[in-house]
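Subject: Handing over the two-chain structure

Dear colleague,

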Amino acid sequence: MAETSYDLIVLGSGPGGYVAAIRAAQLGLKTAIVERELLGGICLNWGCIPTKALLRSAEVYHYMQHAGAYGLKAAEISADLDAVVKRSRGVASQLNKGVTGLMKKHKIAVHMGTGKLTAPGKLEVTGDKGVETLTAKNIIVATGARARDLPFAPADGKRIWTYRHALVPTEMPKKLLVIGSGAIGIEFASFYSDMGADVTVVEMLDRLVPVEDADVSTFLEKQLKKQGMTIMTGAGVEELKATAGGVSAKIKAKDGKVESAEFSHAIVAIGIVPNTENIGLEALGVKTTKGHIDTDAMCRTNVAGLWAIGDVTAPPWLAHKAMHEAVIAAEAIAGGHPHAMDVRNIPGCTYCRPQIASVGLTEAKAKELGYEVRVGNFPFIGNGKAIALGEAEGFTKTVFDAKTGELLGAHMIGAEVTEQIQGYTIGKTAELVEDDFIGTVFPHPTLSETMHEGVLSAYGRPLHI
Amino acid sequence: MPIELKMPALSPTMEEGTLAKWLVKEGDEVKSGDLLAEIETDKATMEFEAIDEGTIAQILVAEGTDNVAVGTVIAVIAGEGEDASAAKAAPAPAAKAEPKEESVAPAPAGAASETAPVPAAAASAGAAPKAAPTDKGDRIKASPLAKRIAAERGIDLAALTGSGPGGRIVKADLEGAPAGVAAPAPAAAAAPASAPAPTPTQPFTTDIPHSAEKLSNMRKTIARRLTESKQQVPHIYLTVDVQLDKLLKLRGELNGALEPQGVKLSVNDLLIKALAKALIQVPKCNVSFAGDQLISYERADISVAVSVPAGLITPIIVGADEKSVSKISTEMKELAGRAKEGKLQPHEYQGGTASLSNMGMFGIKQFEAVINPPQGMIMAIGAGEKRPYIVDDALAIATVMSATGSFDHRAIDGADGAQLMQAFKQIVENPLGLVA
């Protein structure tokens, strides 16, 4: 039995794990990474990236169908689902190879296999080549999470899908039920709707994308309905059964009435479950909350030398949060003094059509916390570039602390907002106040001008409305 | 290259000052170390020294000008071999120099407290006043939000350690910071409402024959701080009579013993030590009320009110509880001397955990002093005088003084204040503890 010792072992090679390994290697640590499936983890193999590839196809398809709106003619438009999926897999595969290259470049030892902590600083990896024992002073757990199943209707991959099945459909759903309206559910709803499916979204809470600002939820619901989706909020799926030709569901609507409906497929996107089982956490006495590992600001667990980052820890469960934690943990392990991350400065992006992006507190949350707020809201219809693009639906909302001018939150829905939110995030992280945003020159004509106007509006001085 | 002389920042919080006097005139040749001007800040007058050689090409800000913002170009020096008149023609705009300042002190990440002391204003165009080196360098790195909150709550950013990138002070660093330390509002006028106007806004008119004198910056600061204190701090006053005979006797003996060393203790020196010891004994009074937090100090730094020609200043005896009375005495003499000359450095009068004000020498029997925020208390000492006094149930003559503590009632309960007064009385009346 081989035994190899490292300064740091990272368990899991998702966006948290591989980034931690790279940063640690940069800082001179002898680093190993353990992966049971594919380097890059869910994010770039089965998550963020392949979905973006699918959504891009859907977007182009949508444009082709609306070519007339731009004075163009496109005839005989059709979608080849297999080709769309193939492209998405190709993108994932390219990035997977990219991570492999990055590991090599930084001389990070890659151990393919399933890792299990057997003692503090000791990890057993079971792979094709047998069992290896790795030791290190520090170990980072970055095992991520997986989709949560409906307790009464586990995904079968044929009719009842999780994100994983939805990424590689073999047939186009005709009538699709999407259960859950978080980022994953809404993105798939958007994709399949644009690809031509008849989509119904069922959300248990009283509005879509419940973590977003209520105005964003309301706006999104209107837009999705306009696109032809059926939206049921405050509703729950009580029964879901795969049948020969599809799925049958019993849905309890807001008014309490339970109705049966038939669909060709269902996607379950009701949340995630952390991957904390069978990796030896219990034996070491690692503390968890609702299954997620408890960590401090430097990503330490309660066990000395054991660290945890990403989805296996507390929310938000976002790849960029994992990547940032990865850097914090690696630097702390290398003896540095990284700055703790402020959850309020982590942006969130949802790539439906229209896109959603936000950072910080919603208006309601800010008020609940006792802030006296100044709220700005600027519609895309007042933005020249949005009109030129033919995408004048959307708005940029800002929430400021009336007393200090601190940007408490920013909420955007509309074209390309996911590429813009970083502007507010930089400002928020640097603790800029309203004067700094107001005093910034935004390029014209860009969609980002709505960010300027969103701030001006909070102070009663928008220019283009 | 003509060199721009800029208004230096002589203290970490200085945003502007008065160009009190030019010590050079246009055409004068100066060399490094020559005194160029006197600059008056809110508390002190400091000398501004040249560090470049050349000829004063142009004086841009006349002497006597108030409110000159830090960084303003106040004069231009032509370098060796340069035409002074050419230099005069091309003073670069003041704004141009600012990015330069930005690049001067990039502290390594996470090294806020290790940042080497940067001489004040060394970053500006080549003129550093000798009088005011500060602990953390001149430029305070703080986020815009931190600056604004500090201005609104009167927090002295210079007293804080930044936890942000490169030691930058961020909002989180302000949580629990003592409010109300003399912090002039930034030029951006971010704090319009919170700083009570020290001067009447209406022009003053009177028929009575009078003279009008413009307020010095020190007077303005005194006015502002005392107004703030009385408006914001609920004062309670507790008075005790303290028998001084033993302390006076001890002082006589100590002075006899210390004479060869040239030390002469004053009663005040002993009272500084007594107050410091009392504060350590009753830690509930060695505190600052800081918004949503109570700060309890583990050391007693006593601010001692010293009257100076321009007003009043409070040099600090740092760690007076740990210092010998002879050390306190020599320090006090030295600080008071420089205070009278207006030469105290900001860290020598900003801070302190409690204050002592003694008006005994004027025969004042008893008075109540105004708390110096964010301190939690001030001790007002009246005259020691012979009074009929009951000693062991018999009328006797004793030297007695009245001491009155003013306490910030938000932070200190009456009973705790009373305990401090009791401890102070006990220490003074059994003075051997002061030299133990």
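What follows is a short account of what was found, taken element by element. Please keep in mind while reading that this is a predicted model.

I begin with the place where the chains meet. The contact between them is made by 10 residues from chain A and 11 residues from chain B. On the chain B side, the element that gives the most is helix H3 of chain B, residues 144–153, which supplies 5 residues. Sorted by class, the side of chain B that touches chain A holds 6 nonpolar, 3 polar and 2 charged residues.

The buried residues run from Pro144(B), Leu145(B), Ala146(B) and Lys147(B) on to Arg148(B), Ile149(B), Ala150(B) and Ala151(B). Their cover includes elements from both chains, namely helix H13 (434–438) of chain A and helix H4 (171–174) of chain B. Just after H3(B) comes Gly154(B), which takes a positive phi of about 70 degrees.

Turning to the helices of chain A, helix H1 covers residues 15–26, and its 12 residues reach 16 Å from the first C-alpha to the last, close to the 16 Å expected at 1.5 Å a residue. Among the buried ones are Tyr18(A), Val19(A), Ile22(A) and Arg23(A). After H1(A) comes Gly28(A), which has a positive phi near 90 degrees.

Helix H3 of chain A, residues 48–65, has 18 residues and reaches 26 Å between its first and last C-alpha, which is close to the 26 Å expected at 1.5 Å a residue. Its buried residues are Cys48(A), Ile49(A), Pro50(A), Thr51(A), Leu54(A), Leu55(A), Ser57(A) and Ala58(A). What covers them includes helices H2 (41–46), H4 (81–105), H6 (183–194) and H9 (319–333) of chain A.

Chain A also contains strands. An open sheet of 5 strands has the order E8-E15-E9-E10-E11, with parallel pairing. Strand E8 (160–161) and strand E11 (230–232) of chain A are its edge strands, each pairing on one side only. Within this order, strand E9 (residues 175–179) and strand E10 (residues 198–202) of chain A run parallel and are joined by 5 bridges, and Lys175(A) has Asp198(A) in E10(A) as its bridge partner.

Another pair in chain A, strand E13 (residues 247–252) and strand E14 (residues 258–263), runs antiparallel and is joined by 6 bridges. Here Lys252(A) is partnered with Val258(A) in E14(A). The two strands form a hairpin with 5 residues between them, and in the turn Gly256(A) has a positive phi of about 95 degrees.

Finally, is Thr425(A) buried or exposed? This residue lies in helix H12 (residues 421–429) of chain A, and Thr425(A) counts as buried because it has 20 C-beta neighbours inside 10 Å, where the cut-off for buried is 20 or more. Leaving aside residues up to four places away in sequence, Thr425(A) touches Asn345(A), Pro347(A) and Val359(A). Leu407(A) is 18 residues from Thr425(A) in sequence, and their C-alpha atoms are 9.5 Å apart in space.

With best wishes

Conventions. Residues numbered from 1 in each chain as written. Chains lettered and ligands numbered in written order. Predicted model: local features only at pLDDT ≥ 70, side-chain atom pairs only at ≥ 80, totals over all residues. Contact = placed C-beta atoms within 7 Å. Helix = DSSP H or I, 4+ residues; strand = E, 2+ residues; numbered from the N terminus. Nonpolar A, V, L, I, M, F, W, Y, C, P; charged D, E, K, R; others polar. Expected span 1.5 Å × (residues − 1). Buried ≥ 20, exposed ≤ 12 C-beta atoms within 10 Å, placed from the backbone. Pairing = 2+ DSSP bridges.
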